[in-house]
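Hi everyone, thanks for making time this morning.

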Amino acid sequence: MIVTIDGPAGAGKSSAARALAQRLGFRFLDTGAMYRAVTYAALKRGEDLEDTRAIARVAREISPELVLTGDSVLLADEDITRAIRTFEITTATRHAADCPEVRSTLVDLQRQLADGLDVVAEGRDQSTVVFPHAECKIFLTASEEVRAERRYLDMVNRGEHVSRDEVLEKQRERDDRDSSRPVGALTKATDAIEFCTDGLEPDEVVERLMEIVADRR
Ligand code: C5P
């Protein structure tokens, strides 16, 4: 069974999808981590992120070395779980996400990793592009203010120095880009169930997701 969870940045997708996968005993596919890993590797190699050919090459080269265990992200033998969550990487990832060749490489990788397995796949284009035949599609949202506050608290807890305004401004930029990119744009699939997480505790979100999946099984 494939469960897809798409939605804008900060809707609480990652933690909810990870917890859901754990409860169901499914593989968890954090596809945002893949775009972040490409960005991390490109920066480490000193590539110009505006150079689409270079970033596409990095995506092709690192795909076989990328390991997502559910809790951590490994690139070759390096644990990059935390390194890909910095503000710098979050902001710079738009280059990889906007590049159709990178998307094509990562879409192939996502399908390959899901092949023959029960999966919870989380991202922006999972219901529409990567797994259009998924048995259960969820579009997870939250209001702009709630999302920005969650992201801000996340970053402060990780010791990053950012302001609320800065986080909100970058979030708006990402929302615009996510919904307007020519390939893999964030849109709600016509057969997805929309679910707003405003005012809900993380546990309540997971419970609700369990109910939605149970209905589709
Ligand atoms: O979900 P997360 O914030 O980790 O995603 C990082 C970036 O990767 C997002 O801003 C989004 O633009 C991009 N992304 C994407 N397609 C996906 C998952 C993430 O374009 N399936």
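Here's a question to start: how far does a polar side-chain atom of Arg-36 lie from an oxygen atom of the ligand? In this model, which is predicted, that distance is 2.7 Å.

Among the 16 residues around the ligand, the ones that come nearest are Arg-36, Arg-103, Asp-125, Arg-174 and Asp-178. Take Asp-125: an N or O atom of its side chain sits 2.9 Å from a nitrogen atom of the ligand. Thr-31 also reaches a ligand nitrogen, with a polar side-chain atom 3.0 Å away.

How much of the ligand does the protein cover? On its own, the ligand has 450 Å² of accessible area, and the protein covers 97% of that.

Now, who builds this shell? Two elements give two or more residues each: α2, residues 31-44, and α9, residues 164-180. Of these, α2 gives the most, with four residues.

Let's step back to the domains. Domain 1 covers 1-26 and 118-209, and domain 2 covers 32-116. Both of them give residues to the shell, so the ligand lies between them.

Finally, the overall picture. The protein has ten helices and eight strands, and its C-alpha trace spans about 50 × 40 × 35 Å along the principal axes. For 217 residues, a compact globule would have a radius of gyration near 17 Å, and the 16 Å of this protein agrees with that. As for burial, 51% of the 217 residues count as buried.

Thanks, everyone!

Notes
Residues numbered from 1 in each chain as written. Predicted model: local features only at pLDDT ≥ 70, side-chain atom pairs only at ≥ 80, totals over all residues. Heavy atoms only, no water. Near = heavy atom within 4 Å. Polar contact = N/O pair within 3.5 Å; in protein donor to acceptor, adjacent residues only side chain to side chain. Areas by Shrake-Rupley, 256 points an atom, 1.4 Å probe, with all protein chains shown as cover. Domains from an automatic or database assignment. Rg over C-alpha atoms; globule rule 2.2 N^0.38 Å. Buried < 20%, exposed > 50% of the residue type's maximum accessible area, 1.4 Å probe, protein only.
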